[in-house]
Amino acid sequence: MKRSASRAPVRMGLALGAALASTVLCGTAPAAAAPVHGDTARGCPVVYFDLGETLVHTADDGSTGYRPGAASYLRALRSHHIRIGLITNVPSSWGKTDAERAARLEHEVDATWQGSAPFAWEDFGDRIRTPRTEAERKPAPVLWQRAKADAGRCRVVYQAETAEEVEVAASLGYVPYQIARPHRPAYLPVGLIELLGRRSR
């Protein structure tokens, strides 16, 4: 994030604009494959997030809670039947599988949670991708590649707070969005995500 901060807003704006233009206006995206994991075609695309400082904030006292606007944004995605997932770094020693590491992550976050509503773990289903080895930690591309493969031919979106991560995601074919930037929506608007989904079918 720090080494590319000065050029990142322009690059991200161009990347997002190009992705939306080619997908929404030109209709060049391939038709989606049959639904994966039992979801209906209405579930395309899949929106992946980083976790820390993207959806949740850790305070100076170590407590955690939703970032401003995150809870309502997740509710909006849920109400529009848009599938979501996490691509997040945790110690590989937390488990042998994504499910085991996700369970440990949930335990760690819930242990310090201070929000009035609990974190919406159930919305993410089995779409939580974590590193199997320390070499797979972001910004290595492995987690994004695994998540994209799991999404089949559905359009994939990635939202995070760091320019470096959204740049890597963009280079791998994701629609990237760097959250919480001045003069832009805090998160990629749900209406645009729905347009991406319609154009991916």
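**Strand β6 and its neighbours**

**View 1. Strand β1 beside strand β6.** Strand β1 (residues 46–49) runs parallel to β6, and 4 bridges join the two. Strands pair here if DSSP finds at least two bridges between them. Phe 49 stands opposite Gln 159 of β6. The model is predicted: local features need pLDDT of at least 70 and side-chain atom pairs count only at pLDDT 80 or more, while totals for chains, interfaces and linings use all residues. Residues are numbered from 1 along each chain as its sequence is written, and side-chain values use heavy atoms, with hydrogens and water left out.

**View 2. Strand β7 beside strand β6.** β7 (residues 175–178) pairs with β6 in the parallel sense over 4 bridges. Tyr 177 in β7 stands opposite Gln 159.

**View 3. The two faces of β6.** In β6 (residues 156–160), 5 of 5 residues are buried (under 20% relative accessible area; exposed is over 50%, partly exposed in between; 1.4 Å probe, protein chains only). Val 156, Tyr 158 and Ala 160 lie on one side, with Val 157 and Gln 159 on the other.

**View 4. The unit formed by β6, α5 and β7.** Together with helix α5 (residues 163–171), strands β6 and β7 make a right-handed β-α-β unit. Right-handed means that, with the strands pointing away from the viewer, the path from the first strand over the helix to the second runs clockwise.

**View 5. The whole protein.** The protein has 6 helices and 7 strands, which are DSSP runs numbered from the N terminus (helices H or I, at least four residues; strands E, at least two). Buried residues make up 44% of its 201 residues.
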